[in-house]
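The following note was prepared for a colleague who wishes to read this structure at the level of individual residues. Please keep the sequence and the structure open while going through the numbered points.

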Amino acid sequence: MVAPQHDAHLLVVDDDPRIRQMLTRYFEDEGYTVSSAADGTEMRLRLRQQNFDAVLLDLVLPGGTDGLDLAREIRAQSDVPIMMLTGRDDVVDRIVGLEVGADDYIAKPFHLREVHARLKSILRRRQSPARIAEAASEEIIGFEDWKLNLSRRQLLDPDGTEIELTTGEFDMLTTFVRHAGRVLTRDVLMDLTRGRNLEAFDRTIDAQIVRLRRKIETDPKKPQFIKAVRGVGYVFTARLD
């Protein structure tokens with residue numbers, strides 16, 4: 001049986017050689033190109049050498065720099081999807097991982113098919129503009145002179161400058177724009193943006209909104225677009241163009 005072919009190139013960062021080998025073999029069998037790194041130093045070298053479509057990043061790494069610090073580094077330079085892999089099944093770690101820009105978080109021991117399913121979901125949401133354009137005509141929604149291109153997954157500010165958003169931030173903003181003027185509870189936001197099967201939490205929703213406000217609000221502490229409704233949730237109050 002011939003394995004399906006993918007254009008995606010993955011980077012697996014884990015200090016356990018057994019985990020690296022297991023993930024590399026599995027995803028190569030599924031048709032992906034896979035590179036690996038044992039620590040932060042090796043990861044930085046790989047990222048300088050080539051571009052990747054997703055990074056599978058262990059939370060606990062040697063060398064004094066953990067996965068959260070590395071995720072911050074990656075996110076400061078790139079919007080490449082990040083999936084955190086860790087043996088620490090702790091709610092706080094999951095929340096912090098998502099706060100620093102990870103797109104998903106899965107605890108060890110994990111099922112490879114579940115990792116693959118989540119990865120495909122991330123990659124599907126982050127398809128290149130060319131592929132999306134081939135699949136559908138462009139859909140653009142404007143608000144307060146901002147332009148949200150749903151087909152290309154791009155956000156342009158009033159000056160036409162592209163604002164980089166993570167997968168989670170883009171999905172959150174798209175949900176708000178599509179439901180402008182409607183108060184959305186955290187439960188509804190979890191269902192519409194991540195899905196119950198991805199173990200979203202109230203605090204991850206709040207953290208995602210804080211990060212999104214920093215990118216689209218003139219004064220994030222006094223938001224004009226995404227407003228909190230005490231005891232209920234949030235509402236998108238921007239005028240749609």
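Predicted model: local features only at pLDDT ≥ 70, side-chain atom pairs only at ≥ 80, totals over all residues.

**Notes on the structure**

1. The side chain of His179 has a polar atom 2.8 Å from the backbone oxygen of Thr175. His179 itself is found in the loop that runs between H7 and strand E9 (184-185). Apart from residues up to four places away in sequence, His179 touches Leu184 and Leu192.

2. As to the overall make-up, the protein contains 9 helices and 11 strands. It has 241 residues, of which 49% count as buried. When contacts between residues at least 6 apart in sequence are considered, 56% of them join residues at least 24 apart.

3. The largest nonpolar core consists of 25 residues, and Phe143, Leu155, Leu173, Phe176, Ile226 and Phe236 are those with the most contacts inside it. Two or more residues each are given to this core by strand E6 (140-143), strand E7 (146-149), H7, H8, helix H9 (202-216) and strand E11 (233-236). H7 supplies the largest share, 5 residues. Beyond its neighbours within four places in sequence, Phe236 is in contact with Phe143, Leu173, Phe176, Val177, Ala180, Gly181, Phe225 and Ile226.

4. In helix H8 (residues 186-193), the buried residues are Leu189, Met190 and Thr193. These residues lie on the same side of H8, because they cover an arc of only 100° around the axis.

5. The UniProt annotation "modified residue: 4-aspartylphosphate" covers Asp58, and it comes from an unreviewed entry. In the model, Asp58 belongs to strand E3 (residues 54-58). Is Asp58 buried or exposed? Its relative accessibility is 3%, and it therefore counts as buried. Leaving out residues up to four places away in sequence, Asp58 touches Val13, Asp14, Asp15, Gly67, Leu85, Thr86 and Lys108.

6. Gly67, one of the residues touched by Asp58, is also among the buried residues of helix H3 (residues 67-77), which are Gly67, Leu68, Leu70, Ala71, Ile74 and Arg75. Viewed down the axis of H3, these buried residues fall within an arc of 160°, so they line one face of the helix. The face turned away from the buried side of H3 carries the exposed residues Ala76 and Gln77.

7. Asp103 is located in the loop between helix H4 (91-99) and E5. With a relative accessible area of 3%, Asp103 is buried, because the cut-off for this class is under 20%.

8. The peptide bond from Lys108 to Pro109 deserves attention, as it is cis, with omega near -5°. Most peptide bonds are trans. Pro109 sits in the loop between E5 and H5. Its relative accessibility of 82% is over the 50% cut-off, and Pro109 therefore counts as exposed. The C-alpha atoms of Pro109 and Thr86 are separated by 8.4 Å, while the two residues are 23 apart along the chain. Lys108 and Thr86 are both among the residues that Asp58 touches.

9. Helix H5 (residues 112-125) has 14 residues and spans 20 Å from its first C-alpha to its last, close to the 20 Å expected at 1.5 Å a residue. Which residues of H5 are buried? They are Val115, His116, Arg118, Leu119, Ser121, Ile122, Leu123 and Arg125. The elements covering them include strand E1 (9-13), helix H1 (17-29), E3, strand E4 (82-86), strand E5 (104-107) and helix H7 (167-178).

10. Asp145, in the loop between E6 and E7, has a phi near 75°, which is positive although the residue is not glycine. Arg153, in the loop between E7 and strand E8 (154-156), is not a glycine either and has a positive phi of about 55°. Most residues other than glycine have a negative phi.

Technical notes
Residues numbered from 1 in each chain as written. Heavy atoms only, no water. UniProt positions renumbered as here; feature names shortened; annotations may be inferred. Helix = DSSP H or I, 4+ residues; strand = E, 2+ residues; numbered from the N terminus. Buried < 20%, exposed > 50% of the residue type's maximum accessible area, 1.4 Å probe, protein only. Contact = heavy atoms within 4.5 Å. Expected span 1.5 Å × (residues − 1). Arc of directions from axis to C-beta. Core = buried A, V, L, I, M, F, W, Y, C linked by side-chain atoms within 4.5 Å. Polar contact = N/O pair within 3.5 Å; in protein donor to acceptor, adjacent residues only side chain to side chain.
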